[in-house]
Each structure stands twice: as structure tokens, then as C-alpha cells.
Amino acid sequence: MSQEQDAAARAAVLDASDPLAGKRAAFHLPDGVIYLDGNSLGPLAHAVEQRMAAVVRQEWGGSLIRGWTAHDWIDLPLRLGDRIARLIGAPPGAVAVADSTSVNLAKCLAAALALRPGRKVIVSERENFPTDLYMAEGLIAGLGQGHELCLVAREDLPGALNDRVAVLMLTEVDYKSGRLHDMAALTAKAHGAGVLTVWDLAHSAGALPVDLSGAGADFAVGCTYKYLNAGPGAPSFVFVRPDLQGQVQPLLPGWMGHAAPFAFEGSYRPAAGIARMLAGTPPILSLAALDSALDVWDDVDIVTVREKSIALGDLFITEVERRCGDFGLSLASPREGAQRGSQVSFHCPDGYAVMQALIARGVIGDFRAPDLIRFGFAPLYLGYRDVVDGAAALEAVLRDEAWRDPAFQNRAKVT
Ligand SMILES: *Cc1c(COP(=O)(O)O)cnc(C)c1O
């Protein structure tokens, strides 16, 4: 057997014994596409499509304003929060769904800073996702209380925690490299110095086991449109440790977070519990999509997802290095599966054009400046054969220099 046939045959054996193989049928994946970008935008589940049609036609169209009560729209932000809580190791009543991850991050940071009035420093990582850093800078400017953002390298984080620091703000899985932080260890270290933690779970929720309670995390935010497959721009989730909730004075005290929204009182009184993190009217169409998208997780063990995710990533690294070693690619992610989230990135010369050419062949990943081609491995709808075929397509694009086509050079707004 050729090496080529051998790789395909081994992948077929792994697919045949994959406990998650049956889940793929739940998703609409276009013919001829290998989708390695579920870490940016999860695919559409068939059930979500049907639910959206019903919500639009029957609930909105038929019930009109009565829908808030008749279909319990008003409780969706907290009901869905409880469904997500199960996936991130949080207890009931600790998670709400609202706004965007960026906005929730600002809300959590503001709450954390207010809980540590004598301390003026937010510690984060230089490589953190830009929106997280922008939100911290903007909040500091808006508060005007002399806070500062201290950005350090990953290895210097523990040493940066001292009695001037109010908050440690980190993204658990790095969006570029996929490198994973030890949430429990860093949270314990932070607490030892009296520092509160704000965790961004954008690339964690639905990708790997998260244990917010076990880690003792104080605040967390994350996306529902990535591994949770709730659709483009679906709202974010926000977690506040239950014993802190009563002390949170919301940065954005909107009426949906008021103790009695329909009493229309003249001034703000925070709702009890996590509801005070809500601000404005919830986006019911997106929440309905999320509700339906979460069904696929009901009978899934996240540990099984994690095992397969690591195996898919390991196989991709092996295949890409075997096939593409001559073309200047180098691994930008940890080789050790336990230290990665559910994505693998490579430094790649002319990476933008290479990714465009790859997408034109039906293998969809993405590009992150300055030179990373990035691939996400979502175990619910990807198999081992997809990984082998994806690596083979990358090899073909590099070998044929298909990426030199001028059509692949012009950068779109979204990369
Ligand atoms: C995707 C992502 C976001 C996105 O935030 P939005 O407000 O939903 O645009 C934030 N943080 C991280 C780490 C991300 O990966």
C-alpha cells in the first residue's frame, strides 16, 4: 500500500469506531466542503433551521407581543445560561446569555475592579485577543480612576500577581496558537494574592471540559457562535461566581437587569443573582437558535469530545508535517495535545493566499495575521478522513503553487 492509501485506510478504521460519528448527520455541511473553521463560526444544525422557521412564523408571526409570555421568551437568557452552565462546570443560576463577548467582558471587568477598590492594576497577556485588551483600555479610560493595564508574557503571569493587582484577565485557549492556560492553577495563584479572575472561554466552551466551579473562577465570558453553533453573531454567555453576584453593581444597569422591569421604577434596583448582568431586550431569534443548537450536546460527554479533538489535531499535525515539510510551514501550536485547545495553526509564508486557495478547493480554515493558517477541529461533525483529506488538499495547494493566482491575493475584510 502507498503511504497515501495507508493514511486513508487508517483514518477509515478510526472513523468506523468513532463514538461521535453519528452526530455529523445533525449538521448541514455543504457537499464538497471540509469545514475546519467551526472555532470561528459553527455550522447550521438541521434542527436549528427548523426551529428558526417555526419561531419566526409561528411565535413572532402568530403570537406577536404575546410571545414574551406565551413562549417564555423573557426567561430565555437565564434558561439558556443554565444549559450552558453544564458545559462549563458552573452551577444553575450562575450563567446568563446576553450581549456580545466584548460587552460582557467589560461588564465583568468593571464588576471585578469595583470589588477591589484599593487595587489599580489589571494583568493580562500581551497575546490576548485584541477585543479583550481594547475593552480593558476603554473601561480604564471611562472610569477615570487611575487603573492601568499591565501586559506580560505568558510565563511572567504568575510573577505579575501582587497586592496592587485587582484582576487577572485571560483567555483560556489562545486564539492564534491554541495554547491552553491552566485555569485552576492560575486562579489559585491569583486568589493567593487577593486577585480576582476574569476568564474568556471563547475557544473553550464546547471544545474541552471546563470546570469553573472546581477552579474557583470569579467571572467568565464566552461565545455561542463558535463551538456551540448558535449562528453568526449569536449572543455571549456570562458567568459570575454565585457568592459574588449580590455584590456586583452593574456597569450597564439596563431594565432587563432590574429587580422589577415592568414596575417601571424611576431608578435602578439590581435583580437578585445573575439576572443583574442583563442590560437590554434579549435577541429572541438568536436565543431560539442557541436553544436548539444546544440540544446536540444533551447526550454528549465532553470528555469524549476532548479525546477525539486531541486525536484529530494530532493526526493533522502528523499529516501536514509529513506532506508539507518542504514548503516552509512550521507548527505554531503546542505539539502536546493536552496543552492545546481544539485548533492547530501553522506559520505559513504567503499564508493568506494559501488559505484562500485552500478554501477554493473546499477546505475551509482561516488566516490570522501576520502569517498563521488556522484550523479548528470540532469533533461533533469532523472525522479522521476529513483531517487526512484536508492535509492532502493543503499539500496540493502548496505543491501546485495554486495560491499564486492573483485572485487569492486581495485581502477581504474578514480573514
Ligand atoms: C471570538 C472571540 C471574541 C469575540 O468577541 P465578540 O464580542 O463576540 O466579537 C472575544 N474574545 C476571544 C478570545 C475570541 O476568540
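The questions below go through a few of the strands and their partners.

Tutor: Gladly! This is a predicted model in which local features need pLDDT of at least 70, side-chain atom pairs count only at pLDDT 80 or more, and totals for chains, interfaces and linings use all residues. Residues are numbered from 1 along each chain as its sequence is written, and side-chain values use heavy atoms, leaving out hydrogens and water.

Student: How many residues of strand E15 are buried?
Tutor: Strands are DSSP runs of at least two residues, numbered from the N terminus, and buried means under 20% relative accessible area with a 1.4 Å probe, protein chains only. In a regular strand, side chains alternate between the two faces of the sheet. For E15, residues 372-376, the count is five of five.

Student: Which residue in E15 stands opposite Phe-346?
Tutor: Two strands pair if DSSP finds at least two bridges between them. Strand E12 (residues 343-347) runs antiparallel to E15, with five bridges. Strand E14 (residues 366-368) also pairs with E15 in the antiparallel sense, and there Phe-367 stands opposite Ile-373. The residue opposite Phe-346 is likewise Ile-373.

Student: Which strands stand at the edges of the open sheet of seven strands?
Tutor: The strand order is E4-E10-E9-E8-E7-E5-E6, with mixed pairing. Each edge strand has a single partner strand, so one side of each is left without a neighbour in the sheet; these are E4 (95-98) and E6 (148-152).

Definitions and conventions
Buried means under 20% relative accessible area, exposed over 50%, partly exposed in between (1.4 Å probe, protein chains only). Helices (H or I, at least four residues) and strands (E, at least two) are DSSP runs, numbered from the N terminus.
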